Amino acid sequence: MQPIPIRLTHWINAAAIIGMMMSGWAIYNASPLFGFSFPRWATLGGWLGGAIAWHLALMWLLVGNGLLYAVYLLGSGYYRRLRPLGPGAVLDDVRAALRFRLPHQAGEYNAIQRLTYCVVLLAGVMVLLSGLALWKPVQLQTLAAALGGYEWARRVHFIAMAVIAGFTVLHVGMALLVPSVLWGMILGRART
Amino acid sequence: MGHDLGAGTDMIGDQDHRRALRLLERRLLLRRGLSLSALGLLTGCNLQDGDAVDRLLWSMSRWNDRVQAWLFDPNRLAPTYAARDITTPFPFNAYYPEDDAPEIDADDYRLAVSGRVSDTAPWTLARLRALPQQGQITRHICIEGWSAIGQWSGVPLRVFLERVGADLRAGFVGFKCADRYYSSIDMATALHPQTNLALDFGTAPLPTKYGFPLKLRVPTKLGFKNPKHIVAIIVTNDNPGGYWEDQGYNWFSGS
């Protein structure tokens with residue numbers, strides 16, 4: 001049910017995002033924006049220089065893989081499976097979910113899933129744009145200014161990260177609850 | 001960002017020694033960086049020796065140097081700010097506490113110039129002040145993530161390099177400092193109109209904590225590429241590295 005390009009980019013993306021997030025948390029800890037730090041065991045890189053080396057190496061993997069995904073999504077028409085269904089359908093599905101009647105099955109995405117995937121894709125775009133603004137606040141100063149300047153870009157980057165982290169928790173939880181979709185993403189079909 | 005420091009006395013001296021040292025530091029860097037069992041689980045690599053991963057990260061950092069040099073627009077100016085935007089107090093940052101910042105006697109101070117230049121005569125502060133001066137109010141961005149707006153003025157580095165007859169086609173300009181810190185930048189950045197050998201912070205001479213008597217102000221690079229207490233400048237084709245750069249911070253670190 002999941003074609004090979006989707007499975008391949010999905011798992012590369014998973015590895016890249018975990019590495020970006022853990023190294024990003026180590027960078028955050030060097031100068032925490034908010035009143036907390038991430039636990040050291042959840043960070044990657046060991047010290048600031050190592051964390052940045054990871055972050056700026058993995059960004060190429062993340063972006064390259066993301067581009068492949070986008071090209072496939074648009075070229076193959078796969079995006080239609082993810083296209084949002086509108087507020088009415090979302091409300092119907094929310095009601096169904098509250099009654100534990102919302103189907104979660106391989107090969108088809110319900111309205112809530114579609115909405116969730118669109119939100120996380122948008123967060124992915126925002127994390128990329130804000131990341132570019134933080135990396136190149138002078139060369140890409142128009143982009144940085146559009147995000148409210150360097151200091152706001154830090155916050156946008158953090159919030160987009162938090163959305164992706166929240167999605168990841170939800171997404172992994174759902175996949176474990178409905179293992180057939182997990183096999184679909186690994187094998188491309190249901191486990192026989 | 002401040003980790004500014006001065007250069008060691010042999011910063012630009014024995015290249016072989018430096019290279020060996022850098023390899024050693026790189027190895028230590030990566031070990032520290034990779035002592036993460038979760039990563040081992042993730043990649044299936046044997047992380048007992050982080051050398052392969054370290055080498056990969058190091059070469060990706062060199063790739064990022066090249067990408068950044070390509071992205072660097074020699075005419076694009078860093079955004080400037082109004083006097084009311086200046087961060088007060090401006091943060092102190094170095095690899096040592098503020099009390100350890102070097103005290104330099106203004107009368108005894110001499111700036112040494114070496115490498116690919118035609119005039120190696122040392123510079124007094126009076127001679128530096130006699131050169132054309134230029135000021136800026138720009139954002140200092142630390143590799144740690146924080147930023148602060150400050151005001152600096154002094155001699156545009158391009159003016160200084162032209163004055164000493166520097167080879168402007170050389171690859172690098174290196175700086176060594178009284179506190180054993182050292183750093184270096186690419187020639188394109190050295191010639192950028194906002195790259196400045198700052199003598200003043202605000203409207204007064206640099207105080208000790210901000211790098212008296214001479215600090216490099218480069219608003220197109222991260223703070224650690226803005227060395228303080230500069231006592232020597234070298235123009236060279238061999239990358240002089242830097243205090244943090246040799247430990248694993250990305251060398252170009254351009255904004």
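Colleague: B:Ser184 sits in strand β5 of chain B. What makes a run of residues a strand here?

Modeller: Strands are DSSP runs of E with at least two residues; helices are runs of H or I with at least four, and both are numbered from the N terminus. The model is predicted: local features need pLDDT of at least 70, side-chain atom pairs count only at pLDDT 80 or more, and totals for chains, interfaces and linings use all residues; side-chain values use heavy atoms, with hydrogens and water left out. Residues are numbered from 1 along each chain as its sequence is written, while chains are lettered from A and ligands numbered from 1 in the order in which they are written.

Colleague: Why is B:Ser184 called buried?

Modeller: Its relative accessible area is 1%. Buried means under 20%, exposed over 50%, and partly exposed in between (1.4 Å probe, protein chains only). The value is under the cut-off, so B:Ser184 is buried.

Colleague: How do you know what the side chain of B:Ser184 reaches?

Modeller: The backbone oxygen of B:Gly241 is at 2.7 Å. The side chain of B:Trp251 makes a polar contact of 2.9 Å. A polar contact is an N or O pair within 3.5 Å; within protein, one atom must be able to donate a hydrogen and the other to accept it, and sequence neighbours count only if both atoms are side-chain atoms. Touching means heavy atoms within 4.5 Å.

Colleague: What makes B:Lys221 and B:Asp186 a salt bridge?

Modeller: The rule asks for a side-chain nitrogen of Lys or Arg within 4 Å of a carboxyl oxygen of Asp or Glu. Here the N to O distance is 3.0 Å. B:Lys221 lies in the loop between β8 (215-217) and β9 (230-236), and B:Asp186 in strand β5 (residues 182-186), so the pair ties together parts 35 residues apart in sequence. Both residues are buried.

Colleague: What makes A:Glu151 part of a network?

Modeller: Salt bridges link A:Glu151, A:Arg154 and A:Arg155. The bridge from A:Glu151 to A:Arg155 has an N to O distance of 3.3 Å. Both residues lie in helix α6 (residues 150-177), 4 residues apart, about one turn. A:Arg155 is partly exposed at 25%. The search over all chains gives 10 salt bridges.

Colleague: Why are A:Leu115, A:Val119, A:Ile159 and A:Val163 called a patch?

Modeller: Patch residues need over 30% relative accessible area and no salt bridge; like charges are joined within 9 Å, nonpolar side chains (Val, Leu, Ile, Met, Phe, Trp, Tyr) within 5 Å. These four share about 320 Å² of accessible area (Shrake-Rupley, 1.4 Å probe; for residues, only the protein chains shown count as cover). Helices α4 (111-135) and α6 of chain A each give two or more residues to the patch. A:Leu115, in α4, stands at 39%, so this residue passes the 30% threshold.

Colleague: How do you know the size of the interface between chain B and chain A?

Modeller: Interface size is often given as the accessible area lost when the parts come together. Here the buried area is about 2800 Å², with 66% from carbon and sulfur atoms. That area is the loss for the two parts, summed over both (1.4 Å probe). Chain B brings 37 residues and chain A 30.

Colleague: What holds across the interface, by count?

Modeller: There are 0 salt bridges between the chains. The rule finds 12 residue pairs in polar contact, both at pLDDT 80 or more. On the chain B side, α1 (15-34), α2 (37-43), α3 (51-71) and β2 (134-141) each supply at least two residues. α3(B) gives the most, with 8.

Colleague: What makes up chain A?

Modeller: Chain A has 7 helices and 0 strands. Of its 192 residues, 40% are buried.
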